[in-house]
Amino acid sequence: MSAPPLSPDTDIDQWIWESFYYHSRTFSLATRLLPGRVKMPIATLYMFCRKVDSVADQRVLEVGPSQALHEVRDIRRKLDDTLAGRPPSEAFWERLSEVHATFSLDRQPLYELIDGAIWDLEDRPIQDEDDLVDYSNLVGGSVGAMMLPFLLPSTDQRERLEAPARALGIGMQITNIVRDVGEDLRRLDRVYLPETLLREHGIDTADLRGESVPDAYPDLLETTMAIGEEHYRRSFPGIDALPFRMRIGIRSAARMYREIMNEVRANDYDNLTHRAYVTLPRKLVLILRDDYARRRRRLKDS
């Protein structure tokens, strides 16, 4: 589904925030816990991410891979001009240019996100666990890295915390992959689970198109989720090193997003016909206390 259209009469900040909330209930909720001066810049950068993602995940269905690749490369050209201080005469790009002028955005992760979309549109497979992490770094780790200018004042601090920031983004992207297996297969005919893991567990793509969960599938998902959980663990020291006001929001986002994997377990590992989600009451509990591991043990033992 698309965000509300941006018309010449629409207030750009209102459109960005409403679109941010529309596309990410979890991250927009966590962003509300951050200082006011960074909320709209974060929402603006998130909408840049959505512009890129929507071409690879939505426009491709309307126009085909070749035209979608052309549109992604057009976004790259517009980004080039925006970062050079010559944004296209469009409200969104002008606002992104203002954000860049204020916060000095790191260019590399912005372009990495585009490379991740090209990976999708060129139909590159996820052959093994290394590919899983590499792809997740392009489309998720990049987002963690591009958020650092909003969270930390100095370049030295950003460089020191880039690795844990990327680890958090990788963990979140692997969470997305685990949540969306059925949806990705039905809508896009894509499978992001590593081919090596599918073979090791004796599962073919055709097995994922049925109405029932293959016998070995929970073990395959647990192996994949363990990779995500390891990246969340790597991110926590970096989150702990953030200033207090920043730490609350980012820690909450990490906890709420990671909990999606427990919801997959609660659905008896059926991510083929059901989309796992975390309820608002559960999210609010996670802001106050982290009981992910305890619930994971209980769900795995049940």
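Predicted model: local features only at pLDDT ≥ 70, side-chain atom pairs only at ≥ 80, totals over all residues.

**Loops, helices and who touches whom**

Arg124 sits in the loop between helix H6 (107-121) and H7; helices here are DSSP runs (H or I, at least four residues), numbered from the N terminus. Residues are numbered from 1 along each chain as its sequence is written, and side-chain values use heavy atoms, with hydrogens and water left out.

Q: Is Arg124 buried, partly exposed or exposed?
A: The cut-offs are under 20% relative accessible area for buried, over 50% for exposed, and partly exposed in between (1.4 Å probe, protein chains only). Arg124 has a relative accessible area of 43%, so the call for Arg124 is partly exposed.

Q: How far apart in space are Arg124 and Arg190, C-alpha to C-alpha?
A: In sequence, Arg124 and Arg190 are 66 residues apart. In space, C-alpha to C-alpha, the separation of Arg124 and Arg190 is 9.8 Å.

Q: Is H7 parallel, antiparallel, perpendicular or oblique to H9?
A: Helix H7 (residues 129-146) and helix H9 (residues 155-179) pack at an angle of about 120°, with their axes 7 Å apart. Axes are lines fitted to C-alpha atoms, for helices over the stretch in contact, and angles run from 0 to 180 degrees between N-to-C directions. Angles under 35 degrees count as roughly parallel, over 145 as roughly antiparallel, 65 to 115 as roughly perpendicular and the rest as oblique. That makes H7, relative to H9, oblique.

Q: How many charged residues are in the contact of H7 with H9?
A: Contact means heavy atoms within 4.5 Å, and H7 residues including Leu132, Tyr135 and Val139 meet H9 residues including Ala165, Arg166 and Ile170. For the classes, Ala, Val, Leu, Ile, Met, Phe, Trp, Tyr, Cys and Pro count as nonpolar, Asp, Glu, Lys and Arg as charged, and the others, Gly among them, as polar. The contact of H7 with H9 has nine nonpolar and eight polar residues, and the charged ones number two.

Q: What is the orientation of H9 and H12 to each other?
A: H9 and helix H12 (residues 217-240) have their axes 7 Å apart and pack at an angle of about 150°. H9 and H12 are therefore roughly antiparallel.

Q: How many nonpolar residues does the contact of H9 with H12 have?
A: On the H9 side, the contact includes Leu161, Leu168 and Met172, and on the H12 side Leu221, Met225 and Tyr232. Sorted by class, the contact of H9 with H12 has one charged residue and seven polar ones, and the nonpolar count is 13.

Q: Which way do H3 and H5 lie relative to each other?
A: Helix H3 (residues 36-63) and helix H5 (residues 91-103) have axes 10 Å apart and an angle of about 125°. H3 and H5 are therefore oblique.

Q: Which residues is His100 in contact with, leaving aside its neighbours within four places in sequence?
A: His100 lies in helix H5. His100 is buried, with a relative accessible area of 14%. Leaving aside those neighbours, the contacts of His100 are Leu83, Leu105 and Arg107.

Q: What is the relative accessible area of Val72?
A: Val72 is found in helix H4 (residues 65-83). Beyond its neighbours within four places in sequence, Val72 is in contact with Val55, Ile114, Ala117, Ile118 and Leu121. Val72 is buried, with a relative accessible area of 1%.

Q: Is Asp189 buried or exposed?
A: Asp189 lies in the loop between helix H10 (181-188) and helix H11 (195-200), and has a positive phi of about 55° although it is not a glycine. With a relative accessible area of 51%, Asp189 is exposed.

Q: Is Tyr269 buried or exposed?
A: Tyr269 is found in the loop between H13 and H14, and its phi is near 65°, a positive value in a residue other than glycine. The relative accessible area of Tyr269 is 13%, so Tyr269 is buried.

How values were computed. Helix = DSSP H or I, 4+ residues; strand = E, 2+ residues; numbered from the N terminus.
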